[in-house]
Amino acid sequence: MASPSIKNKLIGMLITILVVLTMISIGVIYPAIKKIGTLKDSIAKIQNEMEQKYENSQKLRRTMRELDNIKTEVEKFDQATIKPGDELKIITELENLALKHSVDQTLNVSFSGSSSKIKKPGTEYYELSFLNNAFFENHINYLNDLEKLPYYVIVKNIRLEKRRGNITDDVEKTPITLSFNAKIYVTVR
């Protein structure tokens with residue numbers, strides 16, 4: 001059996017070792033753990049920032065790719081509309097189209113536009129009212145060529161009415177009155 005003095009020395013040594021280990025834990029290990037936790041938080045924050053920057057760069061790249069498509073679509077829209085000041089050119093073109101297909105055309109044109117200083121796309125257009133007299137085939141050819149114009153002529157409310165017939169070469173041909181309204185949009189800049 002060990003003597004009480006050896007026992008006390010061992011207990012004293014254990015207490016000293018425990019105190020030293022506790023001081024090392026408090027002085028070295030705890031600050032290291034605290035610093036590791038802070039570094040972990042900083043790394044997570046930096047990672048989130050980097051992911052956000054990556055997502056933003058991906059969005060920017062996608063936007064740049066889409067920008068070319070948007071430019072193409074805007075060019076198509078510009079081609080589908082008329083520019084301010086081209087009214088006489090359009091009216092002349094419609095009159096020539098009527099002459100080409102032997103259509104007696106009465107055309108009324110009015111401008112509808114916004115009165116505000118800020119102009120929005122699709123708010124300015126010409127309202128055209130057609131009253132055409134010709135044979136059915138001529139009307140069909142006229143409408144086909146109207147569809148082929150480089151700008152959109154949005155036709156609505158087509159009405160066909162028979163007129164009195166003319167007898168030529170034992171075949172009755174009946175002139176028809178074609179009336180409709182249409183819109184042609186103006187490019188807003």
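Predicted model: local features only at pLDDT ≥ 70, side-chain atom pairs only at ≥ 80, totals over all residues.
**Exercise 1. Describe the order of helices and strands along the protein chain.**

Solution. The protein chain holds three helices and six strands, taken as DSSP runs (helices H or I of at least four residues, strands E of at least two) and numbered from the N terminus. Along the sequence they follow the pattern α-α-β-β-α-β-β-β-β.

**Exercise 2. Check the span of helix H2, and then determine how its buried residues are arranged around the axis.**

Solution. Begin with the length: helix H2 (residues 87-100) has 14 residues, which at 1.5 Å a residue should span 20 Å, and its end C-alpha atoms are 20 Å apart, so the two values agree; the expected span is 1.5 Å times one less than the number of residues. Next, list the buried residues of H2, which are Ile90, Leu94, Leu97 and Ala98. Seen down the axis of H2, these fall within an arc of 100°, so they line one face of the helix, the arc being that of the directions from the helix axis to the C-beta atoms. The face turned away from this buried side carries the exposed residues Leu88, Lys89, Leu99 and Lys100. Finally, the buried residues of H2 pack against strand E1 (104-112), strand E2 (125-134), helix H3 (136-147) and strand E6 (176-185).

**Exercise 3. Identify which residues touch the most other members of the largest nonpolar core.**

Solution. A nonpolar core is a set of buried Ala, Val, Leu, Ile, Met, Phe, Trp, Tyr and Cys residues joined through side-chain atoms within 4.5 Å. The largest one has 21 residues, among which Leu94, Phe130, Tyr142 and Leu146 touch the most other members. H2, E2, H3 and E6 each supply at least two residues of this core. Leucine 146, leaving aside residues up to four places away in sequence, touches Leu94, Leu97, Val153, Val155 and Phe180, a contact being heavy atoms within 4.5 Å.

**Exercise 4. Trace the strand pairings that involve E2 and E6.**

Solution. Two strands pair if DSSP finds at least two bridges between them. E1 and E2 run antiparallel and are joined by nine bridges, with valine 109 having leucine 128 in E2 as its bridge partner. E2 also pairs with E6 in the antiparallel sense, over 10 bridges; here phenylalanine 130 stands opposite phenylalanine 180 in E6, and alanine 134 opposite isoleucine 176 in E6. Strand E3 (residues 154-162) pairs with E6 in the antiparallel sense over seven bridges. Eight of the 10 residues of E2 are buried, and E6 likewise has eight of its 10 residues buried.

Key. Residues numbered from 1 in each chain as written. Heavy atoms only, no water. Buried < 20%, exposed > 50% of the residue type's maximum accessible area, 1.4 Å probe, protein only.
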